[in-house]
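Q: Hi! Could you walk me through this structure? I'm new to this.
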Amino acid sequence: MTNRTSLFTDHYELTMLQAALAGGHADRRCVFEAFTRRLPEGRRYGVVAGTGRFLDALADFTFGPEEIDFLRETKVVNEQTLQWLTDYRFSGDIWGYAEGECYFPGSPLLIVESTFAEGVILETLLLSILNHDSAVAAAASRMTATAGDRPCIEMGSRRTHEESAVAAARAAYIAGFGSTSNLEAGRRHGIPTRGTAAHSFTLLHDSEREAFAAQLQSLGLDTTLLVDTYDVTAAVELAVELAGPGLGGVRLDSGDLVSQAHEVRAQLDGLGARDTRIVVTSDLDEFAIAALQAAPVDAYGVGTRVVTGSGAPAAGMVYKLVSREGADGKFEGVAKASKDKASVGGRKHALRRRNSMGVAHEERIGIDITPTDDGDDRDLLVQLVSDGEVQVPTDAHTAREHHTASRAELPTKGLRLSQGEPAIRTVYEDEASRTEVEGD
């Protein structure tokens with residue numbers, strides 16, 4: 001088996017290619033755009049994630065003998081199309097929001113400029129990566145914004161597909177999580193990994209004392225002991241007895257975490273273990289983290305809710321043709337007009353408008369023009385690919401830094417967990433009128 005990504009593609013993309021080749025329009029220059037019409041219910045902003053993974057996958061989006069043989073044997077497309085695919089390598093340009101950027105309804109997140117044939121077959125690969133990773137990153141960003149300076153640990157690998165687990169760990173790290181439990185994510189993406197022991201380790205031993213002693217002897221005093229297998233109060237007392245006041249941490253994974261955290265903190269302080277950390281886990285999400293902010297908690301371990309987007313497992317991105325070359329050689333905007341799924345035609349340009357304090361208050365999108373800049377606007381579109389060659393870093397660390405800066409620009413209302421409108425509005429400009437039309 002190869003590492004090629006070309007068959008991470010829907011059947012209809014190749015049948016469209018075949019028909020376009022037959023009709024003589026496959027080489028027509030086009031502009032495709034990835035965007036969202038709306039944010040998930042209750043969200044104030046989205047987070048672009050997965051761009052680096054998509055750009056890495058683009059290099060492997062070719063059709064070798066194995067892929068061509070499969071398509072021939074299953075009669076997906078004809079021989080003319082197979083010949084075209086044999087020589088395929090993306091040679092166009094791609095622009096987009098930098099990975100880690102916050103976005104809003106209508107934001108032109110990724111713009112593909114190429115022939116129809118080259119661009120149309122990227123749809124599924126692009127959307128499958130960005131929809132998953134952006135959903136995880138948006139949820140993770142809400143969690144880390146709520147947690148403030150208390151670190152969050154991603155530990156959801158057992159709640160999703162094995163490859164999704166690696167991608168989710170990367171997306172969560174971009175959005176501010178400090179570490180992951182997933183070792184493959186650590187190897188591939190350089191994310192710090194963390195973990196100590198589960199309940200099975202305690203249950204393996206004849207007593208909790210024996211289990212704690214074994215863990216301390218092997219992993220050292222800075223380890224974190226899981227104290228809720230039997231009785232929390234007794235376990236905390238035992239932990240400090242064995243480790244002394246230098247015990248690294250204790251973990252709570254069940255029960256009323258708020259009241260337990262207060263009780264355990266008081267107990268630890270009373271035993272002299274004032275620097276021992278309290279880590280809480282157990283189906284946490286941004287709302288549970290908000291409730292725990294008043295408790296003496298030092299770190300949060302988040303699993304299921306972050307890797308599944310905390311109720312919004314896909315970001316809702318779509319990939320549409322928005323402009324194409326006309327018979328006169330000039331580009332003309334095209335758009336889908338169907339009810340509830342309309343799109344805005346034309347090649348987009350985007351600026352983030354900020355006030356004198358550097359706080360964002362508007363997403364300004366020009367249709368076939370660069371929108372008016374009031375002097376402090378930030379250009380959002382970066383050239384990601386030029387003539388088929390990637391132009392930007394694709395690592396998670398660069399994206400993480402960008403997200404920190406982008407989220408810091410949002411108004412305070414944008415970080416609220418309550419129901420509400422997007423943090424900033426989307427406004428369109430066009431050349432004909434320069435009339436502002438507020439997006440939905």
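Q: Are Phe63 and Tyr88 buried or exposed?
A: Phe63 is buried, and Tyr88 is buried too. Buried means under 20% relative accessible area, exposed means over 50%, and partly exposed is in between, using a 1.4 Å probe and protein chains only.

Q: Before we go on, what kind of model is this?
A: This is a predicted model, where local features need pLDDT of at least 70 and side-chain atom pairs count only at pLDDT 80 or more, while totals for chains, interfaces and linings use all residues. Residues are numbered from 1 along each chain as its sequence is written, and side-chain values use heavy atoms, with hydrogens and water left out.

Q: Nice. How many aromatic pairs does a search of the whole structure find?
A: The search finds six. Rings of Phe, Tyr and Trp (its six-membered ring) pair if their centres lie within 6.5 Å; planes under 30 degrees apart count as stacked, over 60 as edge-to-face and the rest as tilted.

Q: Why is the pair Phe32 and Tyr319 stacked?
A: Their ring centres are 5.1 Å apart and their planes are at 5 degrees, so they count as stacked. Both residues are buried.

Q: And what about Phe63 and Tyr88?
A: Those rings have centres 6.3 Å apart and planes at 75 degrees, so that pair is edge-to-face. Phe63 and Tyr88 also belong to one aromatic cluster with Phe61 and Trp84.

Q: New topic: why does Thr281 count as buried?
A: Thr281 has 3% relative accessibility, so it counts as buried.
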